[in-house]
Amino acid sequence: MSYVSTSPSSTQPFLLIDLINLRNVAVDVPSKSAWVQAGAVLGEVYHGIASASGTLAFPAGICPTVGVGGHVSGGGYGMLIRKHGIAADNVLDAQLVDARGRVLDRAAMGEDVFWAIRGGGGNTYGIVVSWKINLVTVPARLTAFTAVRTSEENGLYVGETETLLGVMKQSFPGLELTGQDCREMSWIQSILYFAGYPNNATYDELLDSRSSAPVQFDKVKAKSDYVEAPLPVKVLQGIWKRLYELESGPSFLQIIPHGGMMSRISDSSIPYPHRAGNVYKIQYYAVWSREGKEVEKRYLDWIRRLYEFTTPYVSKNPRGAYVNSRDLDLGRNNLGKITSYRQARIWGEKYYKHNFERLARAKAAIDPSNFFRNEQSVPPFTG
Ligand SMILES: Cc1cc2nc3c(=O)[nH]c(=O)nc-3n(C[C@H](O)[C@H](O)[C@H](O)COP(=O)(O)OP(=O)(O)OC[C@H]3O[C@@H](n4cnc5c(N)ncnc54)[C@H](O)[C@@H]3O)c2cc1C
């Protein structure tokens with residue numbers, strides 16, 4: 001897969017560190033925690049947890065091939081978001097190699113840096129070698145449902161079908177959910193279900209990133225938004241119309257509910273600030289496969305027009321964005337050694353809101369020379 005807008009070529013030398021051999025997952029059932037090396041992908045983490053217990057889980061992303069190194073560094077939402085928050089909310093400790101080559105655990109790096117690495121963006125404070133994660137308790141049986149109506153709607157209920165049907169009848173009667181739309185399954189089966197594996201897939205397939213993992217994109221440009229009041233029907237219709245503008249291709253939108261646990265966690269508990277007051281988050285994806293500048297331009301223009309169209313209806317001042325859907329349209333630095341703090345606020349406050357300054361101060365404490373940097377990393381600030 002290639003992300004069109006995340007890593008433009010740079011004339012500056014850079015170092016690529018391959019963590020592929022650091023992928024151990026050590027689960028400790030009694031303490032409901034695990035040490036996970038940063039080179040592991042989510043599928044390996046989920047597999048390790050499910051092998052140790054049928055009632056423990058980790059609230060992280062939907063796609064099993066995403067790496068925990070970058071994913072947890074930027075937040076990490078998945079199907080358990082409303083019940084247990086995001087992956088970065090569930091980090092207990094970490095091992096970080098800093099720019100001086102020191103290996104630091106939580107106590108050694110200090111609480112400000114430990115706070116920053118849980119959602120303040122990858123490749124900024126150092127290299128995370130491993131995360132100690134909190135495992136959440138789930139029932140042995142959960143209910144996944146897919147209700148195909150005029151569009152397709154997916155959901156996960158952390159409980160039995162019968163209870164879910166009662167809740168849906170009361171809260172979403174218009175959806176007319178029936179038992180036939182629902183399937184009870186274990187948490188690990190729900191991981192396979194939402195990642196789109198065939199019904200007969202076993203969770204061992206999560207260990208093979210070349211297996212039938214269906215969420216495979218070719219070329220993608222992503223954008224994100226946070227929504228504080230549900231989009232009016234006419235706006236949804238406008239989005240729908242724009243989805244038909246592209247003659248082909250699997251471009252799509254995801255609506256990720258917030259609320260629940262997300263509203264109970266403070267907006268400065270970790271750098272991810274999009275908490276109470278957000279009803280959902282939108283992920284926009286332009287997806288295409290044909291080569292060529294002209295095709296690329298058509299899809300980039302399309303997603304930018306869509307983003308412009310939704311402007312009046314989403315969060316403002318700043319318009320929130322999700323750092324794990326890095327969007328260089330929001331601005332970028334020139335990858336120079338020190339980026340100005342003022343310049344970086346343009347995108348930094350969209351990703352982190354009021355937490356941006358604290359992140360920049362943590363950055364100054366751990367990496368004052370800005371050794372770790374990318375187009376939108378947080379620069380050091382001591383002013
Ligand atoms: C198919 C697909 C599905 C996705 N689904 C979800 C989803 O359900 N929920 C969600 O929240 N996000 C999702 N994402 C977004 C995903 O969380 C981000 O792309 C994330 O940055 C991926 O991390 P990575 O380590 O795999 O990628 P990389 O490109 O390797 O890393 C991303 C950034 O983090 C840095 N980084 C990586 N490892 C480390 C480390 N060990 N220490 C310090 N910095 C590091 C990298 O330098 C880079 O800047 C999805 C992405 C894809 C491609």
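**Cavities**

I started with the lining of the largest cavity, sorted by class: eleven residues are nonpolar, two are polar and none is charged. I note that this is a predicted model.

For the largest cavity I read a volume of about 100 Å³.

Next I listed who lines the largest cavity. I found 13 lining residues. Nearest the centre lie Ala60, Gly61, Met79, Trp187 and Ile191.

Which helix gives the largest share of the lining? I traced that share, four residues, to helix α7, residues 187-195.

I also asked where the largest cavity lies relative to the domains. Domain 1 (20-137) and domain 2 (142-207) both contribute lining residues, so the cavity lies between them.

**Sheet**

I turned to the strands. Five of them make an open sheet, and I read the order as β2-β3-β7-β5-β6, paired antiparallel. The edges are β2 (25-28) and β6 (103-104). Each has a single partner strand, so one side of each is left without a neighbour in the sheet.

β2 pairs with β3 (residues 33-37) in the antiparallel sense, over four bridges. Within this stretch I located Val27 opposite Ala34 of β3.

Last, I checked what covers these strands. Helix α1, residues 42-52, lies across β2, β3 and β7 (127-134). I logged its angle to β2 as about 35 degrees.

How values were computed
Residues numbered from 1 in each chain as written. Predicted model: local features only at pLDDT ≥ 70, side-chain atom pairs only at ≥ 80, totals over all residues. Heavy atoms only, no water. 1 Å grid on protein atoms, 1.4 Å probe; cavity = no way out; pocket = protein on both sides within 12 Å on 5 of 7 lines; lining within 4 Å. Points joined across faces, edges and corners; volume = space filled by probe spheres on them. Helix = DSSP H or I, 4+ residues; strand = E, 2+ residues; numbered from the N terminus. Nonpolar A, V, L, I, M, F, W, Y, C, P; charged D, E, K, R; others polar. Domains from an automatic or database assignment. Pairing = 2+ DSSP bridges. Contact = heavy atoms within 4.5 Å. Axes fitted to C-alpha atoms, helices over the stretch in contact; angles between N-to-C directions.
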